[in-house]
Amino acid sequence: MTAALSCRAVSRNFGALRAVDHVDLAVRPGARHALIGPNGAGKTTLFRLITGLLRVTDGQIELDGRDITRLSEVRRARLGIGQTLQHASLFASMTAAQNVALAVRRHERGVIPVVPVAERAVWTRVEALLAEVGLAGRGAVTAAALSHGERKQLEIALALACRPRLLLMDEPAAGMSTAERVALATLVRSLPESMTVLFVEHDLDLVFDLASDVTVLSLGRVLLSGTPEEVRSSPEVRQAYLGSTRDEPLFLPRAPGDADVSAG
Amino acid sequence: MITSPAHTGRYLAVAAVVVLAAAPFFLAPYATTTLTRMLVFALLAASLDLLVGVTGLPSLGHAAYFGVGAYAAAWFTKNVSATGPLPLLIALAAGGAAAAASGWVAVRTAGVFFLMLTLAIGEIVAQAAETWESVTGGSNGLYGVPATRIADTPLGVAGVYWYVLAAFLLGFLVLWLVSRSPFGAALRGIRDNEPRMRALGYPTRGYKYLAFVLAGAIAGLAGGLLATQQRLVTPADLGFTTAALALLAVIIGGAGSLWGPCLGAALVITVRDVIGPDLGGHGPLLLGLVFILVVYLLPRGAAGLRLPHRPARTRPVDREPEQVGQP
């Protein structure tokens, strides 16, 4: 079976620093694949290499068996790579609904018309997407006036509007309240089987709750790739995270609302 | 969606058009001519606003396309035909073509680089107007432009006014419709967050280019109106001063609203042409004071609408690595 996404010996240098170092990653179609690792492991850089915001120094990236290494970010988006960013990146002066409409129009129409045709279908889909991510009734609120959690939800609506084949989520739960995290987990679980999800997350409870596969990065390299159980019981992973092999519980439950603000 | 403020806006727009159309009946010819100049400058400011306020591209060279349109219309009227609206169509096409040629480079830059590049384009065109004497008449400009004729009758003061008003309304309507369309929403998206637009699959450079060409074409049309009204075009009409005054009108009026910059243009022309002469050449000083007052008291301009909102950059630049070594 062709992997939905495969990275082969992907590397990226920033000057003398090798942020991503010969990373091999195969994401099964329909997987809920988590990417974890300490800060500075190269998770976000790897994401940017996949979306095309950054170019690889070396290696190859394939989407459904098609080489996309040299394609622009715009082309990759059109081929079905959707993304939500670590820090919600929205159109601040527009309402939530207008934000989503931009994504819907580009996906459903392709070329954006100067004459407003079939706008009703666009707004119907916008309403449905807002409801799907839990923002029903918030469509008229300016993006800048939404709460942090709501902005993250809106990010997801923008990504889903493009009906991505591969959805990349960079720390979707960062800064979310416990209730919002539960809603996020429910949302991710409800995504269609055909959609492959690759996500970076520091909340390991959420990771082990959602993920079908987990890849651990450390200092730009793949430390381990496997099922959540394999990762949970690996001494190497423990070493990388805690710098010790002492026999203590690796993944402590986090306090509710314990936002992760340390990530670069 | 449709609320009473939208209706109020529509009534105000209709009332403004009616008052403008009737103005020559109760204004002295001199005042009518001043109002004509305001309309010309308002169309230039509105076209600049499509770049500055809607797309988020602050241009310092927009007067170049205004000038190209003015020269094209004046040359055409002198040498080919003075029958309206032919010179205006030529001006529109010339402004659009000049913007299409120079904008290709300009939209590849952003921020200060865009400012500097458009400034350079403006200066190059102004220099060309000075030196290409066989066509532009050099520093004397193109003078003795015949009056525009409609149905073989040369237009008088009121006739020119209505002619300019009709062209202004058409040009403004095009800008308004584009800005309100899905395409205009995409331009606003670029203004707010261009990287995000690319992540959504928008080829943003193409959108900016189209906006640049359209703004240039409408500026060219405004230039054609200038040639019609002044019947004289000089290099001063397309220099940096004009570009800066247009930008001033946009900021005073409120960037992004399109109608606000028209009010700004009216204010700029009033200060420069009506009050300025009584101040013994200190008009620009007064304009400077007005600008400072507006920026301090009405940061969103007279239209009260938002200036281009620039959220903090949320995606680090290419060279910035992740933090390293923090377990």
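What share of the contacts in chain B with a separation of 6 or more comes from residues 24 or more positions apart? The figure is 78%. Two residues are in contact if their C-beta atoms, placed from the backbone, lie within 7 Å.

## About the model

This is a predicted model: local features need pLDDT of at least 70, side-chain atom pairs count only at pLDDT 80 or more, and totals for chains, interfaces and linings use all residues. Residues are numbered from 1 along each chain as its sequence is written, while chains are lettered from A and ligands numbered from 1 in the order in which they are written.

## Chain B

Chain B holds 12 helices and 2 strands. Helices (H or I, at least four residues) and strands (E, at least two) are DSSP runs, numbered from the N terminus. Along the sequence the pattern is α-α-α-α-α-α-β-β-α-α-α-α-α-α.

Of its 327 residues, 50% are buried. Buried means that 20 or more other C-beta atoms lie within 10 Å of the residue's own, with C-beta atoms placed from the backbone.

## Chain A overall

Chain A has 9 helices and 10 strands. Its C-alpha trace spans about 60 × 40 × 35 Å along the principal axes. Buried residues make up 48% of its 264 residues. In chain A, residues 24 or more positions apart account for 68% of the contacts with a separation of 6 or more.

## Two domains in chain A

Chain A splits into domain 1 (1-80 + 165-264) and domain 2 (90-163). These bounds come from an automatic or database domain assignment. The domain centres, taken over C-alpha atoms, are 26 Å apart.

Where do they touch? In chain A, 9 residues of domain 1 are in contact with 8 residues of domain 2. Helix 6 (residues 178-190) of chain A gives the most to the domain 1 side, with 3 residues.

## A sheet in chain A

Four strands of chain A form an open sheet. Their order is 2-1-4-5, with antiparallel pairing. Two strands pair if DSSP finds at least two bridges between them. Strand 2 (17-27) and strand 5 (66-67) of chain A stand at the edges. Each has a single partner strand, so one side of each is left without a neighbour in the sheet.

Strand 1 (residues 5-14) and strand 4 (residues 58-63) of chain A run antiparallel, joined by 5 bridges. Leu5(A) stands opposite Leu63(A) in strand 4 of chain A. Helix 1 (residues 43-51) of chain A packs on the sheet, touching strand 1, strand 2 and strand 4 of chain A.

How values were computed:
Buried ≥ 20, exposed ≤ 12 C-beta atoms within 10 Å, placed from the backbone. Axes fitted to C-alpha atoms, helices over the stretch in contact; angles between N-to-C directions.
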